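My entries follow in the order in which I looked things up.

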Amino acid sequence: MSDPYQISFAQAFLCSAFAACFAEFCTIPLDTAKVRLQLQKKVGIDDGVGLPKYKGLLGTVKTIAREEGISALWKGIVPGLHRQCLYGGLRIGLYDPVKTFLVGSAFVGEVPLYHMILAALLTGALAITIANPTDLVKVRLQAEGQLPTGVPKRYSGAIDAYLTILRQEGIGALWTGLGANIARNAIINAAELASYDKVKRTILKIPGFMDNVYTHLLAGLGAGLFAVFIGSPVDVVKSRMMGDSTYKSTFECFLKTLLNEGFLAFYKGFLPNFSRVGAWNVIMFLTLEQAKRVIRG
């Protein structure tokens, strides 16, 4: 990331939180579609339940909008913004300071790739440990549409979801799926931030390319593609752990999914996931770079 030492951590946190929240608002309909596809179990021949309810990105979006209304596509936006303010602000805002700490403040030259990856792994794991309750509530609210017709919804909104989970399941339940979430977010954070950092630096070495919107766009798309390819398996496990309380552990969820549905189940919702993460990264990095420029004056 360009000129990382010219703004304070507080300024970096604010820029990162704003950029992450803006990207979240713009892309959460695709995230809702992704979660529904990931939570949808494989339909067997003898299940007697007919064809899968959700088919593909656009089909899932259309089904949700038709059956539940357009606003249902933004279910989970409140805890989603809570999450991005905390998680996005911390993981992105801490990336440059941690990277500097790892190489030493006296280091001169291009930071090695393994230091970029390690810095992003550490900040991703730390940030999601703090923000896990917001992620849990977001997934629970997005999964509400999976309930059978006639079954009352469990939560009336984000605040009610936090309180209901605390009351009925205990405070520890807010960190349900933390293991899968740490793995998923540390890996995806490394894939996003380290790859964006590396791709951007590589592009800037090509004659004719400058530190501008076009470079940020290409680097953001590359970061999104790499993040989804690497992170999809743990993302599916995380969504199922948080959306279905019948799983007792991350390993049980992984094993049952693998045995019952096969390896490709871990890439269920890949297209909406890439569409969402690719768009999210482009919007977030473009906004982040512009916000930093405004702060620098």
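What percentage of the 297 residues in the chain do buried residues make up? I find that 50% of the 297 residues are buried, where buried means under 20% relative accessible area, exposed means over 50% and partly exposed lies in between, with a 1.4 Å probe and protein chains only.

Before going on I note the ground rules. The model is predicted, so to speak of local features I need pLDDT of at least 70 and for side-chain atom pairs pLDDT 80 or more, while totals for chains, interfaces and linings use all residues. Residues are numbered from 1 along each chain as its sequence is written, and side-chain values use heavy atoms, with hydrogens and water left out.

**Entry: overall fold**

I looked up the secondary structure and found 10 helices and zero strands. Helices (H or I, at least four residues) and strands (E, at least two) are DSSP runs, numbered from the N terminus. Read from the N terminus, the elements run α-α-α-α-α-α-α-α-α-α.

I then checked the overall dimensions. The C-alpha trace spans about 65 × 40 × 35 Å along its principal axes.

For contacts (heavy atoms within 4.5 Å) I looked at sequence separation. Of the contacts with a separation of 6 or more, 79% are between residues 24 or more positions apart. The accessible surface comes to about 13600 Å², and 71% of it belongs to carbon and sulfur atoms. Accessible areas come from the Shrake-Rupley method with a 1.4 Å probe; for residues, only the protein chains shown count as cover.

**Entry: a UniProt span**

An unreviewed UniProt entry lists residues 213-232 as "transmembrane region". UniProt positions are given in the numbering used here, feature names are shortened, and annotations may be inferred rather than shown by experiment. In the model I find this span to be 100% helix and 0% strand, with its end C-alpha atoms 28 Å apart.

**Entry: aromatic pairs**

How many aromatic pairs does the count come to? The rule pairs rings of Phe, Tyr and Trp (its six-membered ring) if their centres lie within 6.5 Å; planes under 30 degrees apart count as stacked, over 60 as edge-to-face and the rest as tilted. By this rule I get eight aromatic pairs. The ring centres of Phe9 and Phe13 are 6.2 Å apart with planes at 50 degrees, so this pair is tilted. Both residues lie in helix α1 (residues 9-39), four residues apart, about one turn of the helix. Phe9 is partly exposed at 36% relative accessibility, and Phe13 is partly exposed at 22%.

The ring centres of Phe18 and Phe22 are 6.5 Å apart with planes at 10 degrees, so this pair is stacked. Phe18 and Phe22 are four residues apart in helix α1, about one helical turn. Phe18 counts as exposed at 52% relative accessibility, while Phe22 counts as partly exposed at 41%.

I also noted one aromatic cluster, formed by Phe229, Phe254, Phe263, Phe266 and Tyr267.

**Entry: Thr287**

Which residues does Thr287 touch, not counting residues up to four places away in sequence? I find Phe18, Ala19 and Phe22. Thr287 lies in helix α10 (residues 270-296) and is buried, with a relative accessible area of 15%. Its side chain reaches the backbone oxygen of Ile283 at 2.7 Å.

**Entry: helix α6**

Glu169 is in helix α6 (residues 158-169) and is partly exposed, at 38% relative accessible area. Leaving aside neighbours within four places in sequence, I find Glu169 in contact with Arg140, Tyr155 and Thr164. The side chains of Glu169 and Arg140 are joined by a polar contact of 3.2 Å. A polar contact is a pair of N or O atoms within 3.5 Å; within protein, one must be able to donate a hydrogen and the other to accept it, and residues adjacent in sequence count only if both atoms are side-chain atoms.

Ala158 is also in helix α6 and is buried, at 10% relative accessible area. Leaving aside neighbours within four places in sequence, Ala158 is in contact with Val78, Pro79, Val137 and Leu141.
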